[in-house]
Amino acid sequence: MAFMVKTMVGGQLKNLTGSLGGGEDKGDGDKSAAEAQGMSREEYEEYQKQLVEEKMERDAQFTQRKAERATLRSHFRDKYRLPKNETDESQIQMAGGDVELPRELAKMIEEDTEEEEERASVLGQLASLPGLDLGSLKDKAQTTLGDLKQSAEKCHVM
């Protein structure tokens with residue numbers, strides 16, 4: 001009877017005192033973790049290396065994305081003449097300093113720039129006026145230019 005009680009309570013008591021004591025050998029912890037997952041020690045070490053490599057790759061991709069976003073923010077700060085942010089500059093430098101925007105973002109920025117340049121031109125300003133037909137205005141300008149050429153040909157002074 002005492003044997004049954006010792007085996008039932010002893011394992012749980014040992015786990016409780018082991019987690020509280022912290023005096024166990026680290027080598028046994030690694031070996032038991034490898035055995036608990038059904039691997040040999042070498043397989044477990046290889047598995048741990050793969051996990052570390054994958055984490056490093058994820059961290060590098062995350063840093064790259066953060067730098068791309070910081071580049072985009074700094075681009076808009078320059079465009080709209082807003083004050084620079086030191087955090088964005090440090091994120092760009094952490095990623096290697098030379099960060100390119102993703103194609104989709106670069107395409108969106110290019111389209112926005114083209115639209116703004118079109119609006120900034122004289123014709124863009126005229127096109128934004130309500131009730132103004134550019135086609136008829138163009139036709140009137142061409143007919144006026146044609147009339148000026150004809151009158152210049154008729155003039156004998158020149």
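Tutor: Of the 158 residues in the protein chain, 9% are buried. The model is a predicted one. Among contacts between residues at least 6 apart in sequence, 43% join residues at least 24 apart.

The part to examine is Gln-91, which lies in helix 4, residues 86–94. Gln-91 has a relative accessibility of 15% and therefore counts as buried, because the cut-off for buried is under 20%. Leaving aside residues up to four places away in sequence, Gln-91 touches Lys-66, Ala-67, Ala-70 and Arg-73. With one of these, Arg-73, the contact is also polar: the side chains of Gln-91 and Arg-73 are joined at 3.4 Å.

The structure holds one aromatic pair. Its members are Phe-76 and Tyr-80, with ring centres 6.3 Å apart and planes at 15°, so the pair is stacked. The distance of the centres and the angle of the planes are what describe a pair of aromatic rings. Phe-76 has a relative accessibility of 26% and so counts as partly exposed. Tyr-80 is partly exposed as well, at a relative accessible area of 48%.

Conventions
Residues are numbered from 1 along each chain as its sequence is written. This is a predicted model: local features need pLDDT of at least 70, side-chain atom pairs count only at pLDDT 80 or more; totals for chains, interfaces and linings use all residues. Side-chain values use heavy atoms; hydrogens and water are left out. Helices (H or I, at least four residues) and strands (E, at least two) are DSSP runs, numbered from the N terminus. Buried means under 20% relative accessible area, exposed over 50%, partly exposed in between (1.4 Å probe, protein chains only). A polar contact is a pair of N or O atoms within 3.5 Å; within protein, one must be able to donate a hydrogen and the other to accept it, and residues adjacent in sequence count only if both atoms are side-chain atoms. Contact means heavy atoms within 4.5 Å. Rings of Phe, Tyr and Trp (its six-membered ring) pair if their centres lie within 6.5 Å; planes under 30 degrees apart count as stacked, over 60 as edge-to-face and the rest as tilted.
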